[in-house]
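Hi everyone, thanks for making time today.

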Amino acid sequence: MTFNSSDNHLGEWQNSFCIGNETLDNQHKTLLKICVKLRECLNEEPINGDLRFHEILNDLSFYAKLHFRTEETILRLKISPFISSHIAEHNEYFVWLEALMFEATQGRIDKESLLRRIIEWWVEHICMSGETCRSSLAD
């Protein structure tokens, strides 16, 4: 799935993303709202925009941890065959995000490219959760 980073709807919630679990759907909506905040701060003055961009990345990291714990708990409770692969995906995300955040703090990464990669990851995660784990994650 690819996005045009100038698209005004980049990372916004679509009803087709629903997986049938109100808690997870609300968390997915919140995660995408955080991504939209990242997109919006690209238009701010460099100093304020850079600071805000890093603050939002930290918020995203914090909320992603909460979301992943929730997903993993649900998958464990329902004895899902997808639990191991889902946990591996979550772990890979944090290794990837931490490396990107470090590069961003060193001024070695293009914010627009980083934003696009983050939004693509989250939309794909939400869509793939819906496809592969819908029955395990639904209420």
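Predicted model: local features only at pLDDT ≥ 70, side-chain atom pairs only at ≥ 80, totals over all residues.

If you follow the chain from the N terminus, the elements read α-α-α-α. The chain is 139 residues long, and 44% of those residues count as buried. Its accessible surface comes to about 7,700 Å², and 51% of that belongs to carbon and sulfur atoms.

Now a word on contacts along the sequence. Take the contacts in the protein chain with a separation of 6 or more: 73% of them are between residues 24 or more positions apart.

Let's move on to how the helices pack. Two packed helices are described by the angle between their axes and the distance between the axes. With that in mind, here is the first pair. Helix α1 covers residues 22–41 and helix α2 covers residues 46–77; their axes come within 9 Å and cross at roughly 165°. An angle over 145 degrees counts as roughly antiparallel, and therefore α1 and α2 are roughly antiparallel to each other. The crossing of α1 past α2 is left-handed. And who takes part in this contact? By class, there are 13 nonpolar, 7 polar and 4 charged residues.

On to the second pair. Here α2 meets helix α3, which spans residues 83–105, and the axes come within 11 Å and cross at roughly 170°. By that cut-off, α2 and α3 are therefore also roughly antiparallel to each other. If you'd like to find this contact on the screen, look on α2 for residues including H54, L57, F68 and R76, and on α3 for residues including I83, Y93, F94 and M101. The contact of α2 with α3 has 12 nonpolar, 6 polar and 4 charged residues.

Last stop: which residue has a positive phi although it is not a glycine? That is I79, with a phi of about 45°. Why point it out? Because most residues other than glycine have a negative phi. You'll find I79 in the loop between α2 and α3. And is I79 buried or exposed? I79 is exposed, with a relative accessible area of 72%.

Key
Residues numbered from 1 in each chain as written. Heavy atoms only, no water. Axes fitted to C-alpha atoms, helices over the stretch in contact; angles between N-to-C directions. Helix = DSSP H or I, 4+ residues; strand = E, 2+ residues; numbered from the N terminus. Parallel < 35°, antiparallel > 145°, perpendicular 65-115°, else oblique. Left-handed = near helix turned anticlockwise from the far one by under 90°. Nonpolar A, V, L, I, M, F, W, Y, C, P; charged D, E, K, R; others polar. Buried < 20%, exposed > 50% of the residue type's maximum accessible area, 1.4 Å probe, protein only. Contact = heavy atoms within 4.5 Å. Areas by Shrake-Rupley, 256 points an atom, 1.4 Å probe, with all protein chains shown as cover.
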